Amino acid sequence: QVLLVESGGGSVQAGGSLRLSCTVSGYTINWHSMGWFRQALGKKREGIAHIDGYGTTTYADSVKGRFTISRDNAKNTLYLEMDSLKPEDTAMYYCAADDRAWVRNPWVPGEYMYWGQGTQVTVSA
């Protein structure tokens, strides 16, 4: 019943930008924690950015200053603006949501109840 669908991925050159979207159906994102994760080939899933139900954002050190997470509650959509992309940003990107407005550790995948199927981002040098 709850469906998260990522879009906006693709192939870009290093230094380029992409904006990922996560549209949510069957569920309202108001006052709920949401996050972006990524998983490179053969690697563990890594937390990238988080926004809690109060609008507070946090970022992994690897993307801080380059990525921006935001939410449009009216559109029930989560966004990730990615600038100054690097080859090491290449990964499958996933959005996630949880019923709680705040989660104890937003970098742990198990904290989130709902997940999208991912969108691929490839950055070439």
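Colleague: Is Trp31 buried or exposed, and why?

Modeller: Buried means under 20% relative accessible area, exposed over 50%, and partly exposed in between, using a 1.4 Å probe and protein chains only. Trp31 has 56% relative accessibility, so it counts as exposed. Bear in mind that this is a predicted model: local features need pLDDT of at least 70, side-chain atom pairs count only at pLDDT 80 or more, and totals for chains, interfaces and linings use all residues. Residues are numbered from 1 along each chain as its sequence is written, and side-chain values use heavy atoms, with hydrogens and water left out.

Colleague: Where is Trp31 found?

Modeller: Helices (H or I, at least four residues) and strands (E, at least two) are DSSP runs, numbered from the N terminus. Trp31 sits in the loop between strand E3 (18-25) and strand E4 (33-39).

Colleague: What should I make of phi there?

Modeller: Most residues other than glycine have a negative phi. Trp31 has a positive one, near 65°. Ser84 is not a glycine either, and its phi is also positive, about 50°. Ser84 lies in the loop between strand E8 (77-82) and E9.

Colleague: Back to E4: why is it largely enclosed?

Modeller: Because 6 of its 7 residues are buried, E4 is largely enclosed by the rest of the structure.

Colleague: And which strands does E4 pair with?

Modeller: Two strands pair if DSSP finds at least two bridges between them. E4 runs antiparallel to E9 (residues 91-98), with 7 bridges, and Arg38 has Tyr93 as its partner there. E4 also pairs with E5 (residues 46-51), antiparallel over 5 bridges; Trp36 partners Ala49 in E5.
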